[in-house]
Every structure is written in C-alpha cells, then in structure tokens.
Amino acid sequence: ALPKRSLKQAPSSPPRPEPPPPPPVVIHEYRSGDGVGLRSLWDAADFRSLGDDDASLRTFAQRNPGTFLVAVQGSMIVGSALGAWDGRRGWIYHVAAAAEHRRAGLGTRLVRQVEDRLRALGCRKVNVIVRDGNEAGAAFWRAVGYVRHASHQFGRELLDDDQAFGR
C-alpha cells in the first residue's frame, strides 16, 4: 500500500468584507448649488431646453416654492422633477433619473411628491410635455397614470441664443 500523503492547504485569506451599501437617495428642494449636477443629469437624459442656467433655475424655484425637487445619492444628483402651477393648471417638467436609477421607482417617487405638493396648493389638473419620438418617456407617463391628449404644443423663443443662455 502506498503511504498516505498529507496535503497541506495553503493558508486561506480572510473573507473579503462586503462593500458598504450605497447611500440612500434623498429628495430635497432645489438649492442654489444644484445647477451643474442638474444640467449634467439633463444632458444625459437628452433634454434640450432654454432656461436651464443658474439664474433661470433660481427664478423657477422662487416662483414655484416647494415643487422643484432634486434627488441626491451621496453627493451626486441622480434625479429631478420640476413642478409649476399657474393658478389654473399644473405642469411637471424635467423628470429625469440617472441611468443606474431608472426602472427602480425614483421617477415615480419624484412625480408623486410633486403631485402632492401641487395638490396642496390647490392644483386640480397637471400636464406634462413629452417630445415626439420619446417612446420611453411616453411609456413612463402612461405607467404613472397619465393619458395622451389630442393637442399640440406651440412655442416661440423670445430671446436670442446669447440672451437665453446667459452669455
């Protein structure tokens, strides 16, 4: 019979600790330092809009207190929703979630909070604008209970590009 060989086991390394969980997503009202992060989020979402400079965002927030919401995870802006009410109809603009937060409920959470805040102001109906061809955007709005109306939006820019972009 062959002698039994003793197999030496290599020293095992201690198990790696689990990475810490990501910080929670916190929703707060717009703050003056949010502009750069918001524009980055909106660029990634392919939003093309005049009035996204810091002065315009500040004016929007002042005219619509409590309805301009920003979602933050750690120090990163990961979502947004802008609510407005003209006394007759409410509007929700720039609902966006960073790619890694899509289909996880963040957009719905932002929309519901804006709706609640508009409702508290007396708003009874809210509208959104979805660009032609934005099927993902249209699907989102249908999923959160909005219906497409047979109407068209017309617009006209009142400032030239240099004025509109604060140059």
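Select Asp 54: at 32% relative accessibility, it counts as partly exposed (buried is under 20% relative accessible area, exposed is over 50%, and partly exposed is in between, using a 1.4 Å probe and protein chains only). Before you go on, know that this is a predicted model, where local features need pLDDT of at least 70 and side-chain atom pairs count only at pLDDT 80 or more, while totals for chains, interfaces and linings use all residues. Residues are numbered from 1 along each chain as its sequence is written, and side-chain values use heavy atoms, with hydrogens and water left out.

Arg 39 and Asp 54 form a salt bridge, with their closest N and O atoms 3.0 Å apart (the term means a side-chain nitrogen of Lys or Arg within 4 Å of a carboxyl oxygen of Asp or Glu). This pair links distant parts of the chain: Arg 39 sits in helix 1 and Asp 54 in helix 2, 15 residues apart. Helices (H or I, at least four residues) and strands (E, at least two) are DSSP runs, numbered from the N terminus. Arg 39 is partly exposed too, with a relative accessible area of 25%.

While you're here, click on Asp 46, in the loop between helix 1 (35-44) and helix 2 (54-63). Its phi is near 65°, a positive value in a residue other than glycine. Most residues other than glycine have a negative phi.

**Stop two: along helix 3**

How many salt bridges does a search of the whole structure find? Four. For another one, select Glu 115 and Arg 112, whose closest N and O atoms are 3.0 Å apart. These two are three residues apart in helix 3, so about one helical turn separates them. Glu 115 is buried, at 13% relative accessibility, whereas Arg 112 is partly exposed at 32%.

Next, pick Asp 116 and Arg 119, which meet in a salt bridge of 2.8 Å, N to O. They are also three residues apart in helix 3, about one helical turn. Is Arg 119 buried or exposed? It is exposed, with a relative accessible area of 52%, while Asp 116 is partly exposed at 44%.

Select residues 90-97, which make up strand 4. Six of its eight residues are buried, so the strand is largely enclosed by the rest of the structure. Look at His 94, which lies in strand 4. It counts as buried at 15% relative accessibility, and its phi is near 50°, a positive value in a residue other than glycine.

Gly 79 stands opposite Ala 97 in strand 4. Four residues lie between the strands of this hairpin, where Gly 87 takes a positive phi near 100°.

On to strand 5, which pairs with strand 4 in the parallel sense over three bridges. The chain gets from strand 4 to strand 5 through helix 3 (residues 106-121), in a right-handed β-α-β crossover (with the strands pointing away from the viewer, the path from the first strand over the helix to the second runs clockwise).

**Last stop: Asn 127**

Finish with Asn 127 in strand 5 (residues 126-128), the bridge partner of Trp 91. Asn 127 is buried, with a relative accessible area of 16%.

Note on methods:
Pairing = 2+ DSSP bridges.
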